[in-house]
Amino acid sequence: MADSGTLVNVLRAAGEGTRLRLLALLCDGEHSVKDLTEILGQSQPRVSRHLKLLADAGLVSRNAEGAWAYYGLAEGGAGGDLARWLVARIDADDSDRARDRARLAAVRAAQQEQAAAYFAKVADSWDRLRQLHVPEEAVEAAILEAVDGRVADLLLDLGTGTGRMLELLAPHYRRAVGIDSSREMLAIARAKLAAAGIGNAQVRLGDIADLDASLGSADLIVIHQVLHYFDDPGRVLGQARRLLRADGEILIVDFAPHDLEFLRSHHAHRRLGIGAQQMAGWARAAGLRVAELRSFPPSNGAGLTVCLWRLANDPDGNWTE
Ligand SMILES: C[S@@+](CC[C@H](N)C(=O)[O-])C[C@H]1O[C@@H](n2cnc3c(N)ncnc32)[C@H](O)[C@@H]1O
């Protein structure tokens, strides 16, 4: 419920062509101003002005990250509700909507290509790179603690890279599948798994933002240092949730919020870490809940804090496929 003045403001903000298109795009997930500008084909100041109006009226939320800002639909309140109601009523073959969706897909594909090119370049040195400035040993010990001696029938490792998680967790699954979009990373993972004699894990080429349901139903899903490569990590959580057994668990490891812009400009990162509230929101939207969050400051005092989240199905969630 909201007072009539608030509702008039919300309606005024939503009642304009470009702003309705923006709401529709944000209904598909979070986006940076940069991407929205590219998709709409309008100038950045203009798009920013529209977004500010929508944010002031409570229709969208703004999340500043370093030099970028990400926008998403407001979670609750009259604004968020009205935005979802409106977007759900846009004709499936509306020409603006179809064009914006096609451009969004093209923008995502271009980003994916950039990330793939980066990982193709660093694949050989990844096992050395991945240990830099992060409390690797403490995090891996915490992952094993979280697994607590359980043995999963099926473990999925999303964004498996060189397969380190498949190696670490080998005693804790009967069968595992690692998925990654980089052929170069997967070639190294295959060689490593073979050398370690791990025969019950396989790796496959795939996009974890668009997972194949035939992968099966997993009791454990691991997403280790992957979500920060996505503009919209919530999308990956939604995909993981589809493949999670009712009593299953998702383990996520990622950086806490930081301000190291060079990771974005030189190392293909999209998000400068992930905050507790952000993860809780994405989890909620995917029908999951955060069961535990642990933080690990950098081992040598300099560097980034790493977080470990344990996510479980939320029986009270209103998620629908
Ligand atoms: C930082 S590496 C982490 C690899 C591994 N989990 C680890 O901790 O060593 C991120 C991995 O995510 C993969 N990746 C990025 N976007 C992806 C996507 N859309 N689908 C599948 N894999 C993706 C990259 O190819 C890369 O191997």
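Colleague: How many bridges join β1 to strand β3, and in what sense do the two run?

Modeller: Two bridges join β1 to β3 (residues 68–73), and the strands run antiparallel. One of the partner pairs is His-31 with Tyr-71 in β3. Before we go on: this is a predicted model, where local features need pLDDT of at least 70 and side-chain atom pairs count only at pLDDT 80 or more, while totals for chains, interfaces and linings use all residues. Residues are numbered from 1 along each chain as its sequence is written, and side-chain values use heavy atoms, with hydrogens and water left out.

Colleague: Why are β1 and β2 said to stand at the edges?

Modeller: The open sheet has three strands in the order β1-β3-β2, with antiparallel pairing. β1 (31–32) and β2 (60–65) each have a single partner strand, so one side of each is left without a neighbour in the sheet. β2 and β3 pair over six bridges, with Asn-63 partnered by Tyr-70 in β3. Their hairpin has two residues between the strands, and Gly-66 there takes a positive phi near 55 degrees.

Colleague: Why is the α1 and α5 packing called oblique?

Modeller: The axes of α1 (residues 4–14) and α5 (residues 77–88) come within 10 Å and cross at roughly 40 degrees. Axes are lines fitted to C-alpha atoms, for helices over the stretch in contact, and angles run from 0 to 180 degrees between N-to-C directions. Under 35 degrees counts as roughly parallel, over 145 as roughly antiparallel, 65 to 115 as roughly perpendicular and the rest as oblique. α1 and α5 are therefore oblique to each other.

Colleague: Which residues of α1 and α5 meet there?

Modeller: Leu-7, Val-10, Leu-11 and Ala-14 in α1 meet Ala-78, Gly-79, Leu-82 and Leu-86 in α5; contact means heavy atoms within 4.5 Å. By class that is seven nonpolar, one polar and no charged residues. Ala, Val, Leu, Ile, Met, Phe, Trp, Tyr, Cys and Pro count as nonpolar, Asp, Glu, Lys and Arg as charged, and the others, Gly among them, as polar.

Colleague: What makes α2 and α4 roughly perpendicular?

Modeller: The axes of α2 (residues 17–27) and α4 (residues 44–56) cross at roughly 75 degrees, and α2 and α4 are therefore roughly perpendicular to each other. Their contact has seven nonpolar, two polar and one charged residues.

Colleague: And why is α3 oblique to α6?

Modeller: α3 (residues 33–40) and α6 (residues 95–122) pack at about 130 degrees, with their axes 9 Å apart. That makes α3 oblique to α6. The contact of α3 with α6 divides into four nonpolar, one polar and four charged residues.

Colleague: What is the strand order in the seven-strand sheet?

Modeller: That open sheet runs β6-β5-β4-β7-β8-β10-β9, with mixed pairing. β6 and β9 (288–296) are its edge strands, each pairing on one side only. Neighbouring strands are turned by 15 degrees against each other on average, direction ignored. Helix α13 (residues 276–285) packs on the sheet, touching β8, β9 and β10.

Colleague: How do β5 and β6 run, and which way does the chain cross between them?

Modeller: Five bridges join β5 (residues 173–180) to β6 (residues 201–205), and the two run parallel. The chain goes from β5 through helix α10 (residues 183–195) to β6, in a right-handed β-α-β crossover. Right-handed here means that, with the strands pointing away from the viewer, the path from the first strand over the helix to the second runs clockwise.

Conventions. Pairing = 2+ DSSP bridges. Helix = DSSP H or I, 4+ residues; strand = E, 2+ residues; numbered from the N terminus.
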